[in-house]
Amino acid sequence: MLKYIGRRLLYMLLSLFLIITATFFLMRAAPGGPFSGEKQLPPEIEKNLNEFYGLDRPWYEQYFDYLISIAQWDFGPSFKYKGQTVNDLINNGFPVSFFLGMEALFIAVGLGILLGIIAALNHNKWQDYGAMVFAVMGISVPSFIMASFLQYVLAIKLGLFPVARWESFMHSVLPALALATTPMAFIARLTRSSMLEVLSNDYIRTAKAKGLSKFQITVRHTIRNALLPVVSYLGPLSAQILTGSFVIEKIFGIPGLGSHFVLSISNRDYTTIMGVTVFYGIILLSAMLLVDIAYGLIDPRIKLAGGKKGE
Amino acid sequence: MEKLLEVKNLEVSFQTYGGEVHAVRGVSFHVNKGETLAIVGESGSGKSVTSQAIMRLIPTPPGKIKNGQILFNGEDLVQKTDKEMEEIRGRDIGMIFQDPMTSLNPTMKVGRQIMEVLIKHQKMSHAAAKERAIELLRLVGISMPEKRVNQYPHEFSGGMRQRAMIAIALASNPKLLIADEPTTALDVTIQAQILELMKDLQKKLGTSIIFITHDLGVVANMADRVAVMYAGKIVEMGTVDEIFYDPRHPYTWGLLASMPSLDSDDKKELAAIPGSPPDLTNPPKGDAFAPRNPYAMRIDFEQEPPMFKISDTHYAATWLLHPDAPKVEPPEAVKKRLRKLSSNYEKPILVKESE
Ligand SMILES: Nc1ncnc2c1ncn2[C@@H]1O[C@H](COP(=O)(O)OP(=O)(O)OP(=O)(O)O)[C@@H](O)[C@H]1O
Ligand SMILES: [Mg+2]
């Protein structure tokens with residue numbers, strides 16, 4: 001097990017290196033620079049700026065410098081937010097996005113799985129149809145519409161929650177719900193189809209032939225096996241949700257990481273793009289590692305290579 | 001002998017998009033205490049549906065037991081509630097299925113899957129159940145059972161999984177074991193071992209067995225009696241000797257003629273029964289076997305043959321047993337094995353509906 005994790009960490013470093021390299025060069029290949037904008041800067045000032053940020057040096061020097069500083073967890077200064085480093089941006093934005101994301105994840109996973117199970121156990125009955133209509137709506141309604149809808153109904157009309165801003169837990173409920181809707185609907189559908197697939201298996205018939213009750217069969221023999229696909233979906237999902245959503249953060253005025261990411265791209269804020277991308281990469285890779293470990297714990301057929309037999 | 005199970009006029013059908021499939025159309029048979037009844041017949045003849053009906057495992061909908069009684073120890077299982085059936089399944093009736101590779105839950109330890117039965121039906125504690133699971137694994141011939149209880153199905157071979165299935169089915173000493181083609185998915189040597197194990201355990205535990213197969217070859221040394229099914233009906237039923245040495249139904253003849261026999265060394269090609277079974281959505285009017293029956297007479301296409309009784313234990317549903325029917329010779333392969341059985345009546349007796 002430790003050996004397996006060690007090897008996976010090594011692969012993660014390799015993947016990260018590739019991500020860094022790819023973003024670095026892709027960014028340079030894109031037209032325009034951090035200081036090109038509507039207002040043309042005087043050439044001397046632009047030259048000074050380039051010099052200050054080291055953009056005038058040959059690309060390989062910039063590249064290796066960057067690698068070294070990243071290895072020291074230093075993403076450099078932001079080009080656009082004067083006086084702030086990218087580390088500052090991440091340190092300020094990520095906890096907010098993470099908190100919101102976790103809340104959304106809990107909602108999405110909890111409700112999604114519950115809905116999927118109810119639908120599957122009542123296959124082709126009204127509960128099933130109801131849950132699936134709900135799920136299709138959840139998948140097809142974009143999050144910004146959902147966000148406005150929640151704001152309108154729950155905040156403005158009913159006054160249950162604050163409309164926007166980031167001040168207390170109550171402030172986080174609506175954005176978390178808006179953020180959770182689509183993944184929840186997706187998880188509900190995934191759980192349902194996976195449950196139905198498991199229920200058609202021979203070993204479910206064996207369980208029935210043993211005289212187990214419907215409840216025992218569902219809990220012991222169905223859910224665990226049905227959750228495997230859901231678990232693998234959780235890797236990319238959690239990375240995406242935890243690093244923040246530009247749209248939701250904009251609508252609710254939340255100072256998270258998501259807005260920095262999008263803004264930095266339109267601003268050509270090289271260091272911020274790089275920093276946030278690398279950070280996103282780290283979160284994604286760790287989430288995937290966690291998922292694989294969880295998968296190995298749930299499904300005994302999957303031996304985490306290098307691990308001992310049976311855990 | 002005492003009857004453990006008596007199935008009377010069982011009818012099961014499935015509602016499908018193409019119409020109602022009459023999978024089992026009035027089946028009656030019984031199983032005595034401690035004996036083995038084999039049910040043989042081609043694919044689709046309704047063997048599995050019959051056995052699932054006994055366990056009340058027919059998926060409803062689309063399936064439905066439309067008619068009949070299933071008397072187990074004198075109690076009608078058709079009338080039982082789901083809760084009452086849960087008590088009977090696994091405790092009084094155990095079941096083994098065809099494919100051992102898919103019949104066990106891949107993410108649960110084999111021991112745990114056996115223990116479930118013991119905890120549910122014998123109200124055993126966790127520790128006692130584990131002890132017993134180890135004993136059961138040893139009983140079904142799995143070596144190092146202390147280690148094996150903690151393993152998962154994928155660590156077992158196919159034969160071992162079927163042994164584990166047998167351990168599950170026999171865990172609470174059921175009075176009846178239903179084995180639905182338990183060896184079809186296994187290779188020949190393993191097949192023989194599993195059959196040997198079942199016979200052995202039956203002797204030890206006194207379990208009655210319903211043994212479902214489409215292979216007449218294994219019937220001879222497994223079963224006491226044989227029921228031959230065709231298109232949802234039992235067309236002939238008798239002791240093993242009666243079915244093998246004095247078969248009366250042309251379908252049984254066909255099955256016997258298509259069976260490779262060890263004693264005949266001439267390698268004649270096996271005569272498979274030509275044609276295919278009827279569509280059970282619209283069962284034919286007369287004898288369902290008539291279109292494939294070289295001995296079919298006009299009446300076979302018009303009226304269903306009644307049951308005739310050839311001895312106390314031997315029944316067959318064919319017009320050939322009617323006193324007015326012409327005398328016909330069975331195929332060569334069957335004729336060779338015919339014997340005169342002393343238990344036969346002078347003449348086949350028409351069985352009245354009420355029986
Ligand atoms: N769930 C179902 N829905 C519709 N039809 C079904 C269903 N289960 C069984 N049948 C039909 O019932 C008939 C009898 O099937 P059954 O499985 O009992 O055959 P069998 O004798 O066990 O055959 P085999 O040797 O292939 O196992 C078949 O025509 C089959 O199509
Ligand atoms: Mg079958």
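Helices here are DSSP runs of at least four residues, numbered from the N terminus. What you're looking at is a predicted model. Chain A comes out with 13 helices and zero strands, while chain B is assigned two domains, domain 1 (1-92 + 175-355) and domain 2 (105-171). Here's the tour, topic by topic.

**Chain A overall**

- Read from the N terminus, the elements of chain A go α-α-α-α-α-α-α-α-α-α-α-α-α.
- Chain A has 311 residues, and 45% of them are buried.
- Take the chain A contacts between residues at least 6 apart in sequence: 72% of those link residues at least 24 apart.
- The accessible surface of chain A is about 16,100 Å², with 69% of that belonging to carbon and sulfur atoms.

**Helix H1 of chain A**

- Is A:Arg8 buried or exposed? Its relative accessible area is 18%, and buried means under 20%, so A:Arg8 counts as buried.
- Setting aside residues up to four places away in sequence, A:Arg8 touches A:Met288, A:Leu289 and A:Asp292.
- A:Tyr11 also sits in helix H1, which spans residues 2-29 of chain A.
- Together with A:Leu14, A:Phe17 and A:Leu18, A:Tyr11 makes a nonpolar surface patch of about 420 Å².

**Nonpolar cores**

- As background, nonpolar side chains in soluble globular proteins tend to be buried together.
- The largest nonpolar core here has 73 residues, and the members touching the most others are B:Leu5, B:Phe29, B:Ile54, B:Ile114, B:Met198 and B:Ile210.
- Helix H6 of chain B (residues 158-170) is the top contributor to this core, giving eight residues.
- Why does this core lie between the two domains of chain B? Domain 1 and domain 2 both give residues to it, so that's where it ends up.
- Beyond its neighbours within four places in sequence, B:Met198 has several contacts, including B:Ile96, B:Ile166, B:Leu177 and B:Met222.
- There's a second, separate core of 39 residues, with A:Ala108, A:Ile117, A:Ala155 and A:Met195 among them.

**Domains of chain B**

- How far apart are the C-alpha centres of domain 1 and domain 2 of chain B? They lie 32 Å apart.
- Where the two meet, domain 1 of chain B puts in 17 residues and domain 2 of chain B puts in twelve residues.

**Salt bridges**

- Over all chains, the structure holds 25 salt bridges.
- A:Arg57 pairs with A:Asp65, with 2.7 Å between the closest N and O atoms. Both partners are partly exposed: A:Arg57 has a relative accessible area of 33% and A:Asp65 one of 36%.
- B:Lys3 and B:Glu6 form another salt bridge, their closest N and O atoms being 3.4 Å apart. B:Lys3 is partly exposed at 41% relative accessible area, and B:Glu6 is partly exposed at 22%.
- B:Lys83 and B:Glu86 meet in a salt bridge too, at 3.0 Å from N to O. The two lie three residues apart, about one turn, in helix H2 (residues 82-88) of chain B.
- In that pair, B:Lys83 is exposed at 56% relative accessibility, whereas B:Glu86 is buried at 10%.
- A network of salt bridges links B:Glu87, B:Arg91, B:Asp92 and B:Lys175.

Notes: Residues numbered from 1 in each chain as written. Chains lettered and ligands numbered in written order. Predicted model: local features only at pLDDT ≥ 70, side-chain atom pairs only at ≥ 80, totals over all residues. Heavy atoms only, no water. Core = buried A, V, L, I, M, F, W, Y, C linked by side-chain atoms within 4.5 Å. Buried < 20%, exposed > 50% of the residue type's maximum accessible area, 1.4 Å probe, protein only. Domains from an automatic or database assignment. Contact = heavy atoms within 4.5 Å. Patch = residues over 30% accessible without salt bridge, like charges linked within 9 Å, V, L, I, M, F, W, Y side chains within 5 Å. Areas by Shrake-Rupley, 256 points an atom, 1.4 Å probe, with all protein chains shown as cover. Salt bridge = Lys/Arg side-chain N within 4 Å of Asp/Glu carboxyl O.
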